[in-house]
Amino acid sequence: MKPELLMLAPLLADYEAQLGERFELLRAYDEGARQALLDERPERFAALVTNGGEGVPGWLLAGLTGLRLIAVNGVGLDRIDLEQTTARGIRIATTDDILTDAVADQAVALLLALLRQVCLADRFVRQGQWRQGGFPLLGTSLRGQRVGIIGLGRIGQAIAERLQPFGVTLAYHNRRPLEGCAHAYHASAQRLAADSDILLVAAAGGAASRHLVNAEVLAALGAQGVLVNVARGSVVDEDELVARLLDGRLGGAALDVFEHEPQVPEALLGLDNVVLQPHLGSATLQTRRAMAECVVRAVLQGY
């Protein structure tokens, strides 16, 4: 009889099939299915597969008393109780560095789409407005812009490398400066925002970074500034962001993540100075295959 493997989030079908050769896959993608697990031998699960968005609910983690391995199809750990996993000796495997390039590409794509009004111009053509006259607005050049990056880790550095050929001035904020980094360091997110035209968020999620981009940071960025977020929605105070976009105290935003996914503030949907994506930072076929391979390998080696 095959051991059971708990799936809190799916993988690509080919890679689930690989796991299915070794394990009986129990898919629990909603709260009802997860609650039912605790009613019937929850200790039988030694490993589970999840992703960064789903994580592992604290109440479920506490009930899975036999758990030894959490394989995360992603890098975000903000939805996993790390104190509990550490205390219980549960190993966490992630897909670190596999999705770096894809997320960095997405950040630059979002920024260019916002500055050059790609989505707005696309709608202009699709709706037949071009036949009545030319597109009435001018975009903004990236060259010469001051770009501040919050979180100069793997992804932040990959974004910086992609932006340098555009002729921007780069600066960053981390908890501490990076040794040997050529870019200007700012000790606070507010000081970085005050010295930036574009604020790009690539920081890790979690309690320590919740609302790091708050009212004061957004005020420092100013009415001409734009915000790009490819990190976690929780890093930005979404209510403050929406309010400033609505009344003109912020120039624009390009968002791949939101504070209460998949819920997106209704007010954002009608704004022309906002580019919205459904958390697609790592969503390339090549990246998702590599991530799934990593998850399968972690489960097979660590079970």
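I began with contacts between residues at least 6 apart in sequence: 55% of these in the protein join residues at least 24 apart. I note here that the model is a predicted one.

Next I looked up the overall dimensions. Along the principal axes, the C-alpha atoms fill a box of roughly 65 × 50 × 35 Å. I then checked the radius of gyration, which is 21 Å; a compact globule with 303 residues would have one near 19 Å, so the value agrees. For burial, I found that 48% of the 303 residues count as buried. The secondary structure comes to eleven helices and twelve strands.

**Entry: H1 and H11**

I took up helix packing here. Two packed helices are described by the angle between their axes and the distance between the axes. I looked up both for H1 (residues 13–22) and H11 (residues 285–302): the axes come within 9 Å and cross at roughly 10 degrees. Angles under 35 degrees count as roughly parallel, so H1 and H11 are roughly parallel to each other. I recorded their crossing as right-handed. On the H1 side I listed Tyr15, Gln18, Leu19 and Arg22, which meet Arg289, Ala292, Glu293, Val296, Val299 and Leu300 in H11. Sorted by class, the residues of this contact are six nonpolar, one polar and three charged.

**Entry: H5 and H7**

The crossing of H5 past H7 is right-handed. From H5, I listed Thr100, Asp101, Val103, Ala104, Asp105, Ala107, Val108 and Leu111; they meet Arg154, Ile155, Ala158, Ile159, Arg162 and Leu163 in H7. I counted nine nonpolar residues, one polar and four charged in the contact of H5 with H7.

**Entry: Gln84**

I finished with one residue. Gln84 lies in helix H4 (residues 82–88). Is Gln84 buried or exposed? I looked up its relative accessibility, which is 17%. The cut-off for buried is under 20%, so Gln84 counts as buried. Leaving out residues up to four places away in sequence, I found that Gln84 touches Gly58, Leu61 and Ala62.

Terms used
Residues numbered from 1 in each chain as written. Predicted model: local features only at pLDDT ≥ 70, side-chain atom pairs only at ≥ 80, totals over all residues. Heavy atoms only, no water. Left-handed = near helix turned anticlockwise from the far one by under 90°. Helix = DSSP H or I, 4+ residues; strand = E, 2+ residues; numbered from the N terminus. Contact = heavy atoms within 4.5 Å. Nonpolar A, V, L, I, M, F, W, Y, C, P; charged D, E, K, R; others polar. Buried < 20%, exposed > 50% of the residue type's maximum accessible area, 1.4 Å probe, protein only. Rg over C-alpha atoms; globule rule 2.2 N^0.38 Å. Axes fitted to C-alpha atoms, helices over the stretch in contact; angles between N-to-C directions. Parallel < 35°, antiparallel > 145°, perpendicular 65-115°, else oblique.
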